[in-house]
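Look at the sequence and the model that follow.

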Amino acid sequence: MSVRDEPFTSVFAMALQGTPCRVVGLDGGPSDLPMGEWTREADADDLALLALCQGPTLDIGCGPGRMAAALARLGHAVLGIDVVPEAVEQTRRRGALAMLRDLYDDLPGEGRWHTALLADGNVGIGGDPVALLRRAGALLGPGGRVVVEVAAPGVALSTRWVSLETGEARSRPFLWSVLGVDDVHDVAAQAGLRVESCRSVGSGRRWAAVLQADR
């Protein structure tokens with residue numbers, strides 16, 4: 001059976017709708033996308049990470065809305081953005097605000113957000129963490145912060161061409177980066193940000209850094 005080449009947005013939408021999907025190109029060979037982790041309700045580790053968010057929060061790459069919905073329940077003004085229409089619809093169905101928008105598009109509230117959130121490895125979007133963090137920092141108001149989930153100590157900064165695959169479709173290759181604790185200070189500095197804190201959260205299996213603008 002031939003496999004169709006599709007845009008990333010189409011293949012990820014299939015995964016969000018329940019089609020088994022794997023990512024190809026990261027270290028260790030093909031691996032299943034952890035869709036169950038992303039589509040469930042927020043757990044204690046998620047809430048520990050979200051406790052780092054302050055005030056109105058922009059959830060960058062909100063996916064199916066687990067984190068945005070939890071922030072809304074905690075009383076935050078929150079907006080999720082994603083480039084996948086299915087992700088935006090699922091976020092809205094959870095009761096959170098969401099827009100179909102790329103991070104580099106014009107966004108509501110630019111220069112006024114208190115927090116920009118990059119959870120679930122979303123610092124890898126676009127394969128350039130420096131550019132991504134610089135853009136996230138530009139969205140903040142004075143005293144704002146970027147809360148970014150990073151990989152554990154010992155995981156080196158890397159960027160690779162990857163693709164998503166189901167049994168029927170394969171996405172066109174796209175760049176994705178992995179940023180860990182060991183490199184976050186250097187990458188943040190290049191983006192004009194400083195690391196306020198970097199530590200494990202919740203049960204200790206996840207790590208998060210809080211970054212602030214050097215201004």
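In this predicted model, ring pairs join Phe 8, Phe 12, Trp 38, Phe 174 and Trp 176 into a cluster. The whole structure holds 4 aromatic pairs. One of them is formed by Phe 8 and Phe 174, whose ring centres are 5.0 Å apart and whose planes stand at 65°, so this pair is edge-to-face. Phe 8 belongs to helix 1, residues 8-16, and Phe 174 belongs to strand 11, residues 174-178, so the pair ties together parts that are 166 residues apart in sequence. Phe 8 is partly exposed, with a relative accessibility of 27%. Phe 174 has a relative accessibility of 17% and counts as buried, because the limit for buried is under 20%.

Phe 12 and Trp 38 make another aromatic pair, with 6.3 Å from centre to centre and 50° between the planes, and this pair is tilted. Here Phe 12 is in helix 1 and Trp 38 is in helix 2, residues 35-39, so the pair ties together parts 26 residues apart in sequence. Phe 12 and Trp 38 are both buried.

Ser 163 sits in strand 9, which covers residues 158-165. Is Ser 163 buried or exposed? Its relative accessible area is 10%, so Ser 163 is buried.

Next comes the nonpolar core. The largest one has 31 residues. Which residues have the most contacts inside this core? They are Leu 58, Ile 60, Ile 81, Leu 133, Val 146, Leu 193 and Leu 211. Several helices and strands give two or more residues to the core. The helices among them are helix 6 (129-138) and helix 7 (181-190). The strands are strand 4 (57-60), strand 5 (78-82), strand 7 (113-118), strand 8 (140-150), strand 12 (193-201) and strand 13 (206-213). Not counting residues up to four places away in sequence, Leu 133 touches Leu 118, Val 123, Val 146, Val 187, Ala 191, Leu 193 and Leu 211.

A UniProt record, an unreviewed entry, places the feature "domain: Methyltransferase" at residues 58-144. In the model, the end C-alpha atoms of residues 58-144 lie 11 Å apart. This span is 31% helix and 26% strand.

Now turn to the charged residues. Side chains of opposite charge can pair when their charged atoms come close. The count of salt bridges is 19. Glu 86 and Arg 93 form one of them, at 3.7 Å from N to O. Glu 86 is buried at 18% relative accessibility, whereas Arg 93 is exposed at 59%.

Arg 206 and Asp 120 are also joined by a salt bridge, and their closest N and O atoms are 3.7 Å apart. Arg 206 is in strand 13 and Asp 120 is in the loop between strand 7 and helix 6, so the pair ties together parts that are 86 residues apart in sequence. Arg 206 is buried, with a relative accessibility of 7%, and Asp 120 is partly exposed, at 25%. Both belong to one network, in which salt bridges that share partners join Glu 37, Arg 40, Asp 43, Asp 45, Asp 46, Arg 66, Asp 120, Glu 149, Arg 205 and Arg 206. Within this network, Glu 37 forms a salt bridge with Arg 40, and the closest N and O atoms are 3.2 Å apart. Glu 37 is partly exposed, at 37% relative accessibility.

How many disulfides does the model have? The count is 0. The sulfur of Cys 62 is 14 Å from the closest cysteine sulfur, that of Cys 53, and this is too far for a bond. The limit is 2.5 Å between the sulfur atoms. Cys 62 is buried, at 7% relative accessibility. Cys 198 is in no disulfide either, and the nearest cysteine sulfur, again in Cys 53, is 15 Å away. With a relative accessibility of 23%, Cys 198 is partly exposed.

Definitions and conventions: Residues numbered from 1 in each chain as written. Predicted model: local features only at pLDDT ≥ 70, side-chain atom pairs only at ≥ 80, totals over all residues. Heavy atoms only, no water. Helix = DSSP H or I, 4+ residues; strand = E, 2+ residues; numbered from the N terminus. Buried < 20%, exposed > 50% of the residue type's maximum accessible area, 1.4 Å probe, protein only. Phe/Tyr/Trp six-rings, centres within 6.5 Å; stacked < 30°, edge-to-face > 60°. UniProt positions renumbered as here; feature names shortened; annotations may be inferred. Core = buried A, V, L, I, M, F, W, Y, C linked by side-chain atoms within 4.5 Å. Contact = heavy atoms within 4.5 Å. Salt bridge = Lys/Arg side-chain N within 4 Å of Asp/Glu carboxyl O.
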